Amino acid sequence: MKRIGRNDPCPCGSGRKYKKCCLRKRPREQYVYIGFREAFDGLTLDDGQVFVNLPLGKRAKADPVLAQTQYTRTNGREKVLSSVPDAATFDIQGYLASHFDAIWAVDTNTKRLNKDDVSVSSILECYPRMTAPTEVEIACRKNGTIVFRNCPNGEAEKHAWYGLVTRITENPGYREDMRIALVTDHDLQKHCQYNAREIPIYQGFFLPANFTLVYATSDANENILNSLIRQCDRDAGKKLHELETEGRIAFADGFSITIGEIPDMAKSA
């Protein structure tokens, strides 16, 4: 393989020089995790789904299946950069285009302002499509902002999930057969339970059957999922800073909101 020079373009595709991008990154590890409730003899991949081979020639759908990108920190602990459920592949963009009709990313920043815990959630709406057998185009647009304060029990991120899902499902163009990915950087350890509808995502509200939670951290730029969350994180932080320094958030349509006008979740609960 050709040696990558310090001043060469980084092979990750960021457009930056290798020395200013991935040169000092810890080695990335990509895994497909496959689980089942009992021991199995092997695996079968059928139309993108993973089945485990059981005794007597039987087989069953594996659960859970996760495709993860991660690295090992200096303290030996793993840092997960992205985790995609039901994906036995490392072609993340191809998986998104073939499995989902729409992708929504949401990230929430919270800060103590004037004795209130103020939260700003930024939302991106995206649509993936295959433009060629090995090429994927993902068109995104800024869709909106959710602003609230004093969310009980520190559940601001999950309240934003609930608010976003409600917005989507109440839209006149929404259909229950749409396959929707909800990208977030929160509560990875419970994603399998949320996606299996074993526990509610917020209070008593369960994720609709056609929605899937997908994890990506904003602390990396490994793939499109990280990029979406980073954009949401930056936008939410910018609006929160605007609220702190100017006392209000001004939106493109001319609407603005002050801290006193923000819905108080503690009082409405």
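## Ile180 and its surroundings

Ile180 touches Phe100, Ala102, Trp104, Ile168, Tyr174, Asn210, Phe211 and Thr212, leaving out residues up to four places away in sequence; contact here means heavy atoms within 4.5 Å. The structure is a predicted model, in which local features need pLDDT of at least 70 and side-chain atom pairs count only at pLDDT 80 or more, while totals for chains, interfaces and linings use all residues. Residues are numbered from 1 along each chain as its sequence is written, and side-chain values use heavy atoms, with hydrogens and water left out.

Ile180 belongs to strand β10 (residues 180–184). Helices (H or I, at least four residues) and strands (E, at least two) are DSSP runs, numbered from the N terminus. With a relative accessibility of 1%, Ile180 counts as buried; the term buried means under 20% relative accessible area, exposed over 50%, and partly exposed in between (1.4 Å probe, protein chains only). Ile168 is 12 residues from Ile180 in sequence, and their C-alpha atoms are 9.7 Å apart.

## Nonpolar cores

The largest nonpolar core has 24 residues, of which Trp104 and Leu182 touch the most other members. Such a core is a set of buried Ala, Val, Leu, Ile, Met, Phe, Trp, Tyr and Cys residues joined through side-chain atoms within 4.5 Å. At least two residues of this core come from each of β7, β9, α2 (156–170), β10 and β11 (211–216). The greatest contribution is that of α2, with 6 residues.

Leu182 is in contact with Trp104, Val106, Trp161, Leu164, Val165, Leu207, Thr212, Leu213 and Val214, its neighbours within four places in sequence being set aside. Another core, of 21 residues, lies apart from the largest one and includes Val84, Leu96, Ile138 and Val183. In soluble globular proteins, nonpolar side chains tend to be buried together.

## Helix α1

Helix α1 spans residues 92–99, and its buried residues include Ile92, Gly94, Tyr95, Leu96 and Ala97. Among the elements that cover the buried residues of α1 are β6 (78–85), β7 (102–113), β8 (116–132), β9 (135–149) and α4 (224–246).

## An open antiparallel sheet

An open sheet is formed by 3 strands in the order β2-β3-β4, with antiparallel pairing; two strands pair if DSSP finds at least two bridges between them. The edges are β2 (42–46) and β4 (59–61), each with a single partner strand, so one side of each has no neighbour in the sheet. From one strand to the next, the twist averages 35°, where axes are lines fitted to C-alpha atoms, for helices over the stretch in contact, and angles run from 0 to 180 degrees between N-to-C directions.

The antiparallel pairing of β2 with β3 (residues 49–53) extends over 5 bridges. Val50 in β3 is the bridge partner of Leu45.

## Salt bridges

The count of salt bridges is 12, a salt bridge being a side-chain nitrogen of Lys or Arg within 4 Å of a carboxyl oxygen of Asp or Glu. One of them joins Glu137 and Arg129 at 3.1 Å, N to O. Glu137 is partly exposed at 36% relative accessibility, and Arg129 is partly exposed at 47%.

Glu155 and Lys158 form a salt bridge whose closest N and O atoms are 3.4 Å apart. Glu155 is partly exposed at 22% relative accessibility, whereas Lys158 is buried at 10%. In the salt bridge between Asp177 and Arg175, the closest N and O atoms are 2.9 Å apart. Asp177 is exposed at 54% relative accessibility, and Arg175 is partly exposed at 44%.
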